[in-house]
Amino acid sequence: MSEVSLLDHALVRLDEAAKHLNVDADVIEKLKFARETTKARLMIRMDDGSRKSFIAWRCRYDDTRGPTKGGIRFHPDSTADEVEMLAFWMTFKCAVMNLPYGGGKGAVQVDPRKLSKAELERLSRAYMQAFARIIGPDRDIPAPDVYTNSMIMGWMADEYAQIVGQASPAVITGKPLALGGSLGRGDATARGGFYLVRHLADELGLKGSLRIAVQGFGNAGQHIARLLASDGHKIVAVSDSEGAVQAADGLDLDRLFVAKESGRSVVTTAGHGGHQLLEGNALVGVACDILVPSALENMIRIDNADSVKARIVLELANGPVTSEADAVLEQKGIVVLPDILANAGGVTVSYFEWVQNRQGYYWPVEEIHDRLRTIMEREGRAIWDVAKAKGVSVRTAAYVHALARLGEAIEAHGTQNYFAS
C-alpha cells in the first residue's frame with residue numbers, strides 16, 4: 001500500500017457509513033480532509049556533542065465536537081499520511097464514545113530505542129517547543145502512543161508549563177500519577193475491550209472457558225491477557241516483534257511477564273512451561289475463539305485473512321485489519337469488534353484524566369473502572385443494535401453511530417440547504 005493511499009484507505013469506512021445515513025453532503029466534505037497538519041524539524045544535541053534533526057508532525061483532523069485529542073508516537077516509519085489517517089480514526093473514536101473531543105495525532109520519525117534516555121528527553125521537549133502554539137488544554141491534547149510513555153508525557157507537560165509560565169496538567173494525558181495522571185490509565189485500552197467482550201458475550205456466542213491468541217504482547221496485549229485469564233480463559237498464543245509462542249493448554253503468563261519486564265522476547269520462554277515456538281506471522285491462523293491484534297496497523301491483510309480461525313477479532317491496535325481483509329472475515333462469519341470501539345477505553349480514561357486535571361479532584365480507581373464500564377457497555381450495546389437493525393458489520397455500525405453524532409454537530413453550524421433556502 002502506498003503512503004498516499006493511507007488516508008484514502010481509512011475514508012472507505014466513511015463512505016460506507018454514509019450509505020446508511022441521510023447525512024448532508026457538507027458533512028462528508030468536511031470529514032474527507034484534515035483541518036490542519038503541521039510539520040516541524042526537531043534539532044537536538046546528541047550525547048556525543050553532535051546535532052541531529054528529526055521530522056515531526058501534529059495533525060488536528062476535526063474539532064467540531066471539541067478540542068482535538070490523540071497520541072504522539074515515536075516510530076522510524078512514521079509519515080504525514082499515517083498521522084492524518086490515525087487522526088481521522090481518533091475523530092470517529094471520540095464520537096463513538098460521545099466524548100467532547102475531535103481527533104488529532106502526532107509523530108516523530110525516529111527509532112527511540114537508538115536514543116539514550118537524555119536524548120529521548122531532549123527530543124520530547126523539542127517536540128513540545130515546536131508544537132506548543134498548536135497544543136493546549138482547550139485546543140489539542142496529546143497522549144502516549146507507540147514507543148511513548150508516561151515519562152515522555154511528563155517531560156512534555158513540564159516543557160509546556162515552562163513555555164506558558166504556569167502549571168497546566170490538562171495539556172496532556174497519560175502522565176505519571178505524581179504529575180496529575182489518572183488511576184486506571186495503564187490498562188484502560190485493554191480493560192475497555194474486556195468490558196465490551198464480557199457485555200456482548202451472549203450475543204457473540206461466547207460461553208465457558210475461551211481460547212485467546214494475542215498478537216503484540218506490549219502494554220495492551222499484556223493487560224488483555226491478564227484480564228481474560230483472570231476471567232477463566234486460556235491464553236494459547238502470544239507474539240511480539242521477534243516471534244511467537246503457543247501452548248494448546250494455555251501459556252504460563254507469569255513466565256511471559258517476567259520475560260517482557262526484563263526486556264526479553266516472548267520467544268525466550270520456548271521450551272519452558274509447555275511453550276512451543278511459532279512463527280510470528282502465523283499467529284493470526286492459530287485455532288482460538290478470540291484473536292486480539294494489539295500491535296500495529298494492517299496486520300490482518302488479504303494474504304492472511306483466510307487463515308484466521310477465531311470466531312471473534314478484538315481490535316486493540318489501531319487499524320489492524322485492512323478493508324479487503326474485513327470482507328474476507330465477514331464472508332467467513334467472523335465478527336470483528338472494531339478499533340474505534342474496542343480500544344476506545346484508552347481515550348476514555350484519558351478524558352477522565354483531563355476532567356480530573358481541570359477539576360483538581362481525583363477519583364478512586366473503582367470509580368474510574370465503573371465509569372469506563374458504563375460507557376463501554378452503553379456504546380457497545382448501541383452499536384450492536386445498529387448492526388442488527390441495518391444488517392451491517394459491527395465496524396460499519398460503529399462508523400454509522402459516530403457519523404450520526406459528527407453529522408449532527410457539523411450540520412448545527414448550517415449546511416447548503418440552510419443557506420440556499
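This is a predicted model: local features need pLDDT of at least 70, side-chain atom pairs count only at pLDDT 80 or more; totals for chains, interfaces and linings use all residues.
R395 is a residue of helix 14.

- R395 has a relative accessible area of 5%, and because buried means under 20%, R395 counts as buried.
- The side chain of R395 is joined to that of E315 by a polar contact of 2.7 Å.
- Leaving aside residues up to four places away in sequence, R395 touches R13, E315, V321, D326, V336, P338 and D339.

**Helix 14 against helix 3**
- Helix 14 spans residues 394–411 and helix 3 spans residues 80–96.
- The axes of these two helices come within 8 Å and cross at roughly 85°.
- Helix 3 and helix 14 are therefore roughly perpendicular to each other, since angles of 65 to 115 degrees count as such.
- On the side of helix 3, the contact is made by F88, W89, T91, F92, A95 and V96.
- Helix 14 contributes A398, Y399, H401, A402, L403, R405 and L406 to this contact.
- By type, the residues of the contact comprise ten nonpolar, two polar and one charged.

**Helix 10 and the residue that follows**
- Helix 10 covers residues 323–331, and its buried residues are S323, A325, D326, V328 and L329.
- D326, one of these buried residues, is also among the residues that R395 touches.
- An α-helix has 3.6 residues a turn, so residues three or four places apart point the same way.
- Just after helix 10, G333 adopts a positive phi of about 80°.

Conventions: Residues are numbered from 1 along each chain as its sequence is written. Side-chain values use heavy atoms; hydrogens and water are left out. Axes are lines fitted to C-alpha atoms, for helices over the stretch in contact, and angles run from 0 to 180 degrees between N-to-C directions. Helices (H or I, at least four residues) and strands (E, at least two) are DSSP runs, numbered from the N terminus. Angles under 35 degrees count as roughly parallel, over 145 as roughly antiparallel, 65 to 115 as roughly perpendicular and the rest as oblique. Contact means heavy atoms within 4.5 Å. Ala, Val, Leu, Ile, Met, Phe, Trp, Tyr, Cys and Pro count as nonpolar, Asp, Glu, Lys and Arg as charged, and the others, Gly among them, as polar. Buried means under 20% relative accessible area, exposed over 50%, partly exposed in between (1.4 Å probe, protein chains only). A polar contact is a pair of N or O atoms within 3.5 Å; within protein, one must be able to donate a hydrogen and the other to accept it, and residues adjacent in sequence count only if both atoms are side-chain atoms.
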